Amino acid sequence: MAGGGFVVGDGQKTYPGKLTPFVLFTCVVAAMGGLIFGYDIGISGGVTSMPSFLRRFFPSVYRKQQEDATTNQYCQYDSPTLTLFTSSLYLAALISSLVASTVTRKFGRRLSMLFGGILFCAGALINGFAKHVWMLIVGRILLGFGIGFANQSVPLYLSEMAPYKYRGALNIGFQLSITIGILVAEVLNYFFAKIKGGWGWRLSLGGAVVPALIITLGSLVLPDTPNSMIERGKHEKAKTKLRRIRGVDDVSQEFDDLVAASKESQSIEHPWTNLLRRKYRPHLTMAIMIPFFQQLTGINVIMFYAPVLFNTIGFTTDASLMSAVVTGSVNVAATLVSIYGVDKWGRRFLFLEGGTQMLICQAVVAACIGAKFGVDGTPGELPKWYAIVVVTFICIYVAGFAWSWGPLGWLVPSEIFPLEIRSAAQSITVSVNMIFTFIIAQIFLTMLCHLKFGLFLVFAFFVIVMSIFVYIFLPETKGIPIEEMGQVWRSHWYWSRFVEDGEYGNGLEMGKSSSNQGTKHV
Ligand code: BGC
């Protein structure tokens, strides 16, 4: 990422260059990485609610499901192997994203994407042709490795390719492709579940091969980023590429800053221990807390298990999948709202509004489920109005997430880290996200079984905590160039004690050591 820049009067820095068709194309192809992540999030819940799939791989769950509605409905899906099927992927993704950070740095972003695509293809094929549970799990692990590589390299690739003015929009573009992936998976599940003979789940799982092929082939034609070329000593090649990407001849300013930034970051011997320095306390806190809170909204309970959840509260398989399609569409639409509003209304407003919205919905859903299912999980007859109320509030909840913690959970960390800690801090954000995605996926069905409707109140509690956290500790970052970000901490009532004046190392100050010496920072 660009480290310094050309500073003009208003404190904003500019580099010549435009959003060329070339860069747009490369970014669209690269964003397919989000699609494979989303497809996986959306596919497992639908598949695990298909009776033919359960009968074949998880017969005990299938039997419980077939028992009549007088038995405890909260516990019908409580099976550690079933949850392992969903959650193994995130554990694998966590491990491989750490490996991928070395590949991405030493061999370029492209190669990581290529690895990601290939591993993902292999996983999708093994899943599509699975005959035993172990094949399902091995397939999921391979998919997870693929996602680890893709999630590590794609956001980096996008940020480095994008002209700095469009970095925010492109960042949420990645989240948008995640939500589209989830929706596509849910729509396919809906149709494949109808296939006679009950083998539709093979198409659902094997279908992941399509986005995987796109990213595999895409990475073969995509150019590597100039930043990555410089990092690996290919300066001349990098300059030529930068000219092509930006669509202008004079790229020397940006190029010099890239070289300076690369030198600076190479001079830091221990990026991980560097992160522990006192002045990076606010960044480290946010790198950990933001992804932690994002997962504690409970969103993935809906994303992974929406059909299972709807089934539990009395919908038939078909209606459950349809409801999941509805929530998936709301997710995409509300992400578009976020793209529109994030730079107008600000991050804090969206975080707090989204939090309030989610909180109200969680309370209503808990009350509805509690009223009908009680503590013993036996609902009796479920009226139609009841189903409509539950689905409506789940949709309002998803919308609240999709314009707040969804995109901002990735955007805010990526924009607050100064260059010298950016890649290490970003790895922490990704890892924390994966760990908690794993934990939620692994324990949700057991929690539903034991906590019953109270489960929604647990997430509601965390939404209150995270909203207070944002209110007190998160400064507004709207409209502030990344390299100016130091000021938000310096003027913060709490964080200012960690970040002293002049001590804050950021892109701009680093840039001064090279081409920026003559520019005036106002
Ligand atoms: C989260 C995922 C979640 C998705 C839902 C992402 O930002 O990281 O865990 O499933 O949003 O749209």
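**The ligand and its cavity**

Tutor: This is a predicted model, and the structure holds 5 cavities of 30 Å³ or more. About 190 Å³ of space lies in the largest cavity. Of the 16 residues lining the largest cavity, those closest to its centre are Ile 41, Gln 175, Ile 178, Asn 300 and Phe 401. At least two lining residues come from each of helix H1 (21–48), H7, H14, H15 and helix H20 (419–451). H7 gives the most to this lining, with 4 residues. By type, the lining divides into 8 nonpolar residues, 8 polar and no charged.

The space taken by the ligand is this largest cavity. The elements that give two or more residues to the shell around the ligand are helix H7 (167–192), helix H14 (281–296), helix H15 (299–312) and helix H19 (405–416). Here too H7 gives the most, with 3 residues.

Now to the ligand itself. It is surrounded by 13 residues, and the closest are Gln 175, Gln 294, Gln 295, Asn 300 and Trp 410. The shell consists of 5 nonpolar and 8 polar residues, with no charged ones.

Some contacts can be given atom by atom. Gln 175 has a polar side-chain atom 2.8 Å from an oxygen atom of the ligand. For Gln 295, a polar side-chain atom is 3.0 Å from a ligand oxygen atom. An N or O atom in the side chain of Trp 410 also lies 3.0 Å from an oxygen atom of the ligand. On its own the ligand has 310 Å² of accessible area, and the protein covers 100% of that.

Methods:
Residues numbered from 1 in each chain as written. Predicted model: local features only at pLDDT ≥ 70, side-chain atom pairs only at ≥ 80, totals over all residues. Heavy atoms only, no water. Near = heavy atom within 4 Å. Polar contact = N/O pair within 3.5 Å; in protein donor to acceptor, adjacent residues only side chain to side chain. Areas by Shrake-Rupley, 256 points an atom, 1.4 Å probe, with all protein chains shown as cover. 1 Å grid on protein atoms, 1.4 Å probe; cavity = no way out; pocket = protein on both sides within 12 Å on 5 of 7 lines; lining within 4 Å. Sits in = over half its atoms within 2 Å of the grid points. Nonpolar A, V, L, I, M, F, W, Y, C, P; charged D, E, K, R; others polar. Points joined across faces, edges and corners; volume = space filled by probe spheres on them.
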